[in-house]
Amino acid sequence: MLQILCLALCGLLPGTRADPGALLRLGMDILNHEVQSAMEESHILEKMAAEAGKKRPGVKPIKGITNMKVKDVQLPVITLNFVPEVGIFQCVSTGMTITGKSFMGGNMEIVIVLNITATNRLLQEEETGLPVFKSEGCEITLVSVKTNLPSNKMVNKFLDSTLHKVLPGMLCPAIDAVLVYVNQKWARLSDPMPVGQMGTVKYALMSTPATTASHIQVDFSPEVTQQKGKTIKLAEDGGPLEIPGGYAEGSSQLLLSAALLTAELALLQKSFNMDIQDQTIGELPPQTTVTLAGFIPEVAEAYPKPKPVVTQIRINKPPKVTLKTGKSLLHFHGSLEIFTTRRRGKPPMSLFLLETHFNLKIQYSVQGNRLQMDTSVDRLLSLTRGSSSIGNFNEEELTGYITDYLQEAFVPVVNDVLRVGFPLPDLLAIDYNLAELHIAENALVLDLKLD
Ligand SMILES: *[C@@H]1O[C@H](CO)[C@@H](O)[C@H](O)[C@H]1NC(C)=O
């Protein structure tokens, strides 16, 4: 009793229900496509029909027909409708011809057009946590029956009872078989998917998918795990994840929260640390004390003779992704330490260290089933001097130079690291390559399209 009370009350307490880290809205477009292709690819009705004539243990032969065969199964037309809080109502319209020897002797041919209807209830399977459709209440409705038998009361009664006896057993398993096929298409949904060598992302369902009058919504609580097994918690400061308005009814979208992208980037944090030894980098002036002295006279005083310099970048906080309508940024906090190189055998000498906060602008794209990011410097937000072996100097003079340096030296490496891509949920053979990407408040929206 107490447990029930808690289930009822605890659900109402604020903060007990976390926001999903990702969300999928499945419209009729994709569901229709999936069920239709499952039906066609599986040739299930033909298979069922082929079985119909065979003797099976435990199944009594139909009185009055011998040598029964089913042929000319028509390509089914499938109509789906959402049933709020239940799942989808499925109607399969098809036709076929039943042949055999009738009780009156002679060849019999019955041409039928019929509807198979069932409710496909959407559940979350307990063992696997995966969404599953289960069919209920399968019924066969005859739309028309034509036969070469003489039309009389006895024949009609025979037809009616025979068809009602034989058809559900013959055709209802087709509905289940199609669902097995559809369910298989999200069987791998919650498998952990690798992010390079750095860890995995798993799209676990947060709850049973919810059905409304216009779509099915799947809430995910993604699990981002480092290779060593440590789970990275998704921040909960992002606010609720909501699909922005403006998408056509019946269309499908996948939303990825800023919190999820941030957690995925945390997997890569160490790869953003780098030691840059090159003397020439992109469009930058040569990496020497002379170049630095152009901004800071104190360098020239300490190093009258030119010396090559190398830079060490250390990112000391997990990078953070922000998403505001139309713009997404990647925030970095870290240090840049510049060293002068010394003669062989001697360690480099630290010139100075700068603490910095800067952000990169992210451009998103999809390749295969992975989200790709490409970045460029947006802004250097702060630059403060830490240690210095050349005394005090005005680090603000370096703002422009460091901004260029980040763009030319840091960004290419970051983009290279990001090329690993973040896996997208593997379900229903969705082709993410066709998706249109929109940056919304707190979420990246993939507007899913069919080819
Ligand atoms: C059979 O299904 C079709 C398509 O859903 C529908 O238009 C038609 O009314 C149904 N016929 C019967 C007799 O239920």
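These legends go with a set of close-up views of a predicted model.

**View 1**
Six residues surround the ligand here: Thr79, Cys91, Ser93, Asn115, Thr141 and Val143. Sorted by class, this shell has 4 polar and 2 nonpolar residues, with no charged residues. Strand 4 (87–102) and strand 6 (131–147) each bring at least two residues to the shell. Look for Asn115, where a polar side-chain atom sits 2.3 Å from a ligand oxygen. Ser93 also points a side-chain N or O atom at the ligand, with 3.4 Å to an oxygen atom. As for cover, the ligand on its own would expose 360 Å², and the protein buries 43% of that.

Phe103, Met104 and Met154 together make a nonpolar surface patch of about 290 Å². Phe103 belongs to the loop that runs between strand 4 (87–102) and strand 5 (107–124). With a relative accessibility of 37%, Phe103 counts as partly exposed, because the partly exposed class spans the range between the buried cut-off of 20% and the exposed cut-off of 50%.

**View 1**

**View 2. Lys324 and Glu441, a link across the sequence.**
Lys324 pairs with Glu441 in a salt bridge whose closest N and O atoms are 3.7 Å apart. These partners are 117 residues apart: Lys324 is in strand 16 (residues 320–324), while Glu441 sits in the loop between strand 21 and strand 22. Lys324 counts as exposed at 52% relative accessibility, whereas Glu441 is partly exposed at 45%.

**View 3. Asn442 and its backbone.**
The loop between strand 21 (436–440) and strand 22 (443–448) also holds Asn442. Its phi is positive, about 65°, even though Asn442 isn't a glycine. At 28% relative accessibility, Asn442 is partly exposed.

**View 4. Glu85, another positive phi.**
Glu85 is not a glycine either, yet has a positive phi of about 65°. You'll find Glu85 in the loop joining strand 3 (77–83) and strand 4. Glu85 counts as exposed, with 75% relative accessibility.

**View 5. Ser257 and two backbone contacts.**
Ser257 lies in strand 13 (residues 252–257). Its side chain reaches two backbone atoms: the oxygen of Gly21 at 2.7 Å and the nitrogen of Leu260 at 3.0 Å. With a relative accessible area of 7%, Ser257 is buried.

Arg419 and Asp416 form a salt bridge, their closest N and O atoms 2.9 Å apart. Arg419 is exposed at 53% relative accessibility, and Asp416 is partly exposed at 47% relative accessible area. Also on the subject of salt bridges, Arg188, Asp191 and Asp426 are joined into one network by bridges that share partners.

Conventions. Residues are numbered from 1 along each chain as its sequence is written. This is a predicted model: local features need pLDDT of at least 70, side-chain atom pairs count only at pLDDT 80 or more; totals for chains, interfaces and linings use all residues. Side-chain values use heavy atoms; hydrogens and water are left out. Patches are made of residues with over 30% relative accessible area and no salt bridge: like charges are joined within 9 Å, nonpolar side chains (Val, Leu, Ile, Met, Phe, Trp, Tyr) within 5 Å. Accessible areas come from the Shrake-Rupley method with a 1.4 Å probe; for residues, only the protein chains shown count as cover. A salt bridge is a side-chain nitrogen of Lys or Arg within 4 Å of a carboxyl oxygen of Asp or Glu. Helices (H or I, at least four residues) and strands (E, at least two) are DSSP runs, numbered from the N terminus. Buried means under 20% relative accessible area, exposed over 50%, partly exposed in between (1.4 Å probe, protein chains only). A residue is near a molecule or strand if one of its heavy atoms lies within 4 Å of it. A polar contact is a pair of N or O atoms within 3.5 Å; within protein, one must be able to donate a hydrogen and the other to accept it, and residues adjacent in sequence count only if both atoms are side-chain atoms. Ala, Val, Leu, Ile, Met, Phe, Trp, Tyr, Cys and Pro count as nonpolar, Asp, Glu, Lys and Arg as charged, and the others, Gly among them, as polar.
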